[in-house]
Amino acid sequence: MQETLTTATWFWLLVPMPLLVLLSLFSLLRHSLRRHG
Amino acid sequence: MTGSVEINFALLATLIVYLILMILVGLLAYRVTSNLSDYILGGRRLGAGTAALSAGASDMSGWLLLGLPGAVYAAGMNQLWIAVGLTIGAYLNWQFVAERLRRFTAAARDSITIPAYFENRFRDDTSALRVVSALVILVFFTFYTSAGLVAAGTLFEGTFGIDYELALAIGAAVILVYTLLGGFLAVSWTDFIQGILMFVALVLVPVITIMNLGGWTETSQMVAQINPGALDAFHDITLFGIISLMAWGLGYFGQPHVLARFMAIRSPGDIPLARFIGITWMVVALFGAMLTGFAGIAYFGESGLANPETVFILLIQALFNPWVAGCLIAAVLAAIMSTIDSQLLVSSSALSEDFYKRFFRPGASDTELVWIGRGTVLGIGVLATLLALNPDAAVLDLVSYAWAGFGAAFGPVIILSVFWRGMNRNGALAGIVTGALTVLIWERYEGGLFDMYEILPGFILATLAIFLFSRVGKGPTEDMKREFDEVQRAQREG
């Protein structure tokens, strides 16, 4: 019996949205390096 | 009996403190607002953090703490797709539109409203673009604002047993006082506080609920016994349904109350930081809302709740001491108010900047224009409150309708206006009219393709109309091309 979220659900929950946070963090770092680097 | 009176006193006291704080912020903003540009766009001096949280809190209405947890509680993790779609839309908006719109609105005769931007960007000497887009804003936002007020009134009636009309009157009065006094800065600064409150509540409530249930493993085992389908994002949903939910994310490019935050940021260089803060806030908030609904399945068991949308509030009342509960319920109110105030101010700008100043009193003094701005906030606020006094289900249905209307009518025009040099006034007008009409018609039919959320066909057809009609009539003038190239160059050089 399934006792936790299905594997596909874990994937779609934990990949797309946190990935967008990381992308925005990388573009912030790139921007500040270009400005102050 | 004394127990419940005491609890109610603690809840009410914290809420009253919160409402007074909002009015104080309004007074503070009143002191630094001297002309219509201050009143409508804060004189373009928002910092990255304020712009980010203000965009997030304006965008996320009471739906984030009522509707989304309720939907996950009732249907399970197949509601995940709307969160994924919304986050992708918000990210693309911050990444591809924000910086360009900030530069283009400043370059196009310092436009401080979306209708003014359309008129100036496309050198429309007929005023048709400005009048049509200002009317779209006035109609959709009056109803959208009214739906928010209904949510606020219902929340208080349900939580405190206060009379609906009284709750509505108090809520509307507080919003009107700080918005009317302090304009855009009051709205943005209160949004910042409201955004923080929402963030704290959306982290605290699911974490405490899951701990109370014995941890994550126990929580999901309990859900598995109650409703095993809730564990699967693909349960009881078709690909068509997933696309329809994710299509909500297309709405962002055309929401005037979100775009205003891009236009109001101090400098284009502040946008990378604002984007990171805004997306992080949103992802944590959406996770918190979904987890609350999920944990609610385990907490309230099979007996279920009469109204799933109360799951967040009932968990607060069950698990927290009354003073903390008061702050957390204030967060629900904050979510509702932070959306209403921003929409109210954009509607007011459509009357004060786009009609009064543009057509009747172009030479009016700053003082006159700011007071006209305040008058229009009052007028639209009172109208929305009167509409909310006799709510029927139709008002709440209007939210998805208004979201789609703005998304389809303005979204493609905004995106192409900052990317396509060859776009002209005819293309823009055709895009707005096609987007609005498609949403209007699509929503009226049912069955087959018509069950798709109307924003998707509206967005696609509006985009096609822009490409088609930009070929009609005069192409962009030399002046427009030069302006476009200058902004593009500044954008590339960063």
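This is a predicted model: local features need pLDDT of at least 70, side-chain atom pairs count only at pLDDT 80 or more; totals for chains, interfaces and linings use all residues.
Figure 1. Over all chains, the structure holds 16 salt bridges.

Figure 2. B:D479 and B:R482 form a salt bridge in which the closest N and O atoms are 3.3 Å apart. The two residues are 3 residues apart in α19 (residues 478–493) of chain B, which means that about one helical turn separates them. B:D479 is partly exposed because its relative accessible area is 34%. B:R482 has a relative accessibility of 49% and so is partly exposed. Elsewhere in chain B, salt bridges with shared partners link several residues into one network: B:E119, B:R130, B:E353, B:D354, B:K357 and B:R358.

Figure 3. The side chains of B:E99 and B:R103 meet in a salt bridge, with an N to O distance of 3.3 Å. Both residues belong to α5 of chain B and lie 4 residues apart, about one turn of the helix. Are B:R103 and B:E99 buried or exposed? Both are buried.

**Figure 4. The surroundings of B:T105.** B:T105 also has its place in helix α5 of chain B. With a relative accessibility of 0%, B:T105 counts as buried, because the cut-off for a buried residue is under 20%. The side chain of B:T105 reaches two backbone oxygens: that of B:L101 at 2.8 Å, and that of B:R102 at 3.3 Å. If residues up to four places away in sequence are not counted, B:T105 touches B:R44, B:D110, B:S111, B:Y117 and B:M263.

**Figure 5. Helix α11 of chain B.** One of the residues touched by B:T105 is B:M263, and B:M263 is among the buried residues of α11(B).

**Figure 6. B:T219 in helix α9 of chain B.** B:T219 is found in α9 of chain B. Its relative accessible area is 0%, so B:T219 is buried. Which residues does B:T219 touch, not counting residues up to four places away in sequence? They are B:I210, B:L213, B:F294, B:A295 and B:A298.

**Figure 7. The interface of chain B and chain A.** Here 31 residues of chain B are in contact with 24 residues of chain A. The two chains bury about 2,300 Å² between them, and 76% of this area is on carbon and sulfur atoms. Three elements of chain B each give two or more residues to the side that touches chain A: α5 (80–107), α9 (216–226) and α12 (271–300). The largest share, 11 residues, comes from α12(B). Sorted by class, this side of chain B has 21 nonpolar, 8 polar and 2 charged residues. How many salt bridges does the rule find across the interface of chain B and chain A? It finds 0. For polar contact across the interface, the rule finds 5 residue pairs, with both residues at pLDDT 80 or more.

**Figure 8. The length of helix α18 of chain B.** α18 of chain B has 15 residues, 455–469, and should span 21 Å at 1.5 Å a residue. The buried residues of α18(B) are B:I455, B:P457, B:G458, B:F459, B:A462, B:A465 and B:I466.

**Figure 9. B:G381 in helix α15 of chain B.** B:G381 lies in α15, which runs over residues 366–389 of chain B. B:G381 counts as buried because its relative accessibility is 5%. Leaving aside neighbours within four places in sequence, B:G381 is in contact with B:L176 and B:L344. B:G475 is 94 residues from B:G381 along the chain, and the C-alpha atoms of the two residues are separated by 41 Å.

Technical notes: Residues are numbered from 1 along each chain as its sequence is written. Chains are lettered from A and ligands numbered from 1 in the order in which they are written. Side-chain values use heavy atoms; hydrogens and water are left out. Contact means heavy atoms within 4.5 Å. Buried area is the accessible area (1.4 Å probe) that two parts lose on being put together, summed over both. A salt bridge is a side-chain nitrogen of Lys or Arg within 4 Å of a carboxyl oxygen of Asp or Glu. A polar contact is a pair of N or O atoms within 3.5 Å; within protein, one must be able to donate a hydrogen and the other to accept it, and residues adjacent in sequence count only if both atoms are side-chain atoms. Ala, Val, Leu, Ile, Met, Phe, Trp, Tyr, Cys and Pro count as nonpolar, Asp, Glu, Lys and Arg as charged, and the others, Gly among them, as polar. The expected span of a helix is 1.5 Å times one less than its number of residues. Buried means under 20% relative accessible area, exposed over 50%, partly exposed in between (1.4 Å probe, protein chains only).
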